[in-house]
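Please keep the sequence and the 3D view open while reading.

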Amino acid sequence: MYALANLSLVPVRKDPSDKSEMVSQLLFGDMVEVIDKKESWLKIRMFYDDYIGWIDNKQVIGITDDQMQQIIVSIPFVSADLFQIVIWKQNQICPIVMGSSLPLYNNQKFIIGQTEYSFEGTSIETTLAQPENLLERAYMYLNAPYLWGGRSPMGIDCSGLTQMVFKLCGMKLKRDAWQQAEQGEIINNLDEYKPGDLAFFQNSEGKISHVGILLPGNHIIHAHGKVRIDKIDKVGIYNPELSEYSHDLNRIKRIN
């Protein structure tokens, strides 16, 4: 069974309960495979990054195998505006956030199930990688509040930020920081980085726990309390407001 998110933001939870921790989010248009059910909850695998979690079955719409295959082979489009709306029959509207998918999009129209939607905002075709746009997209998330499991300008975590920025530029990242740290090409030291490279940071146990996007002039944009820009050196991220290092540098990776 397959389904699509037809709401702005759908919480993906660790366990099948509204009280359970939110580990990620579905954005409008995200497609999932249903791999288990428990009462009103669906255990799903996200098509985009294979992430697994539980969602409320009332917050997605089922699609057929044929519709799923049509979406997979179609040219992918996403919304490039911070906030926009989609409209369907009888002028019903749904707000969507930047990075939301527009399945089967063509000429300001797209289809979910049997319903045709209209979208008059700015769309991006993500077939080809556009690394030259990484920094511009990253800056659009500045001052978004930190939210564990978040993937939107209304609330986002560190790996959600990097994943969504790269998605907007046609480059796919996994969901969690430790997974992203296994992608790409290692950069041996900070002196060799290029803007757009990813910097990863470790906790006291030496495990990857944080990620950000490197900017010109030894700066980094990352989600820590909010999406912010800080200085980085060979030790890690330096927070000038606290006059201390907030994160210890582990490695730098370049996503090709």
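## Salt bridges and a network

A salt bridge is counted here when a side-chain nitrogen of Lys or Arg lies within 4 Å of a carboxyl oxygen of Asp or Glu. In this structure, which is a predicted model, there are 11 salt bridges, and Asp30, Arg151 and Lys167 are linked by such bridges into a network.

## Two bridges between loops

The side chains of Lys174 and Asp50 also form a salt bridge, with a distance of 3.3 Å from N to O. Because Lys174 lies in the loop between α3 and α4 and Asp50 in the loop between β5 (41-46) and β6 (52-56), this pair ties together parts that are 124 residues apart in sequence. Lys174 counts as partly exposed, at 31% relative accessibility, and Asp50 is likewise partly exposed, with a relative accessible area of 46%.

Another salt bridge joins the side chains of Asp191 and Lys234 at 3.6 Å, N to O. Here Asp191 lies in the loop between β16 (185-187) and β17 (198-202) and Lys234 in the loop between β20 (226-232) and β21 (236-239), so the pair ties together parts that are 43 residues apart in sequence. Asp191 and Lys234 are both exposed.

## The largest pocket

The largest pocket holds about 550 Å³ of space, and its lining is made up of 22 residues, of which Tyr48, Pro76, Ser101, Thr126 and Lys172 lie nearest the centre. Sorted by class, this lining has 14 nonpolar, 5 polar and 3 charged residues. Helix α1 (65-73) and strand β8 (77-79) each supply at least two residues of the lining.

## The second largest pocket

The second largest pocket has a volume of about 360 Å³, and of the 19 residues that line it, Trp148, Ser159, Asp176, Ala177 and Ser209 are the closest to its centre. Its lining has 9 nonpolar, 5 polar and 5 charged residues.

At least two lining residues come from each of α3 (158-168), α4 (177-180), β18 (208-215) and β19 (219-224). The largest share of this lining, 3 residues, is supplied by β18.

Definitions and conventions: Residues numbered from 1 in each chain as written. Predicted model: local features only at pLDDT ≥ 70, side-chain atom pairs only at ≥ 80, totals over all residues. Heavy atoms only, no water. 1 Å grid on protein atoms, 1.4 Å probe; cavity = no way out; pocket = protein on both sides within 12 Å on 5 of 7 lines; lining within 4 Å. Points joined across faces, edges and corners; volume = space filled by probe spheres on them. Helix = DSSP H or I, 4+ residues; strand = E, 2+ residues; numbered from the N terminus. Nonpolar A, V, L, I, M, F, W, Y, C, P; charged D, E, K, R; others polar. Buried < 20%, exposed > 50% of the residue type's maximum accessible area, 1.4 Å probe, protein only.
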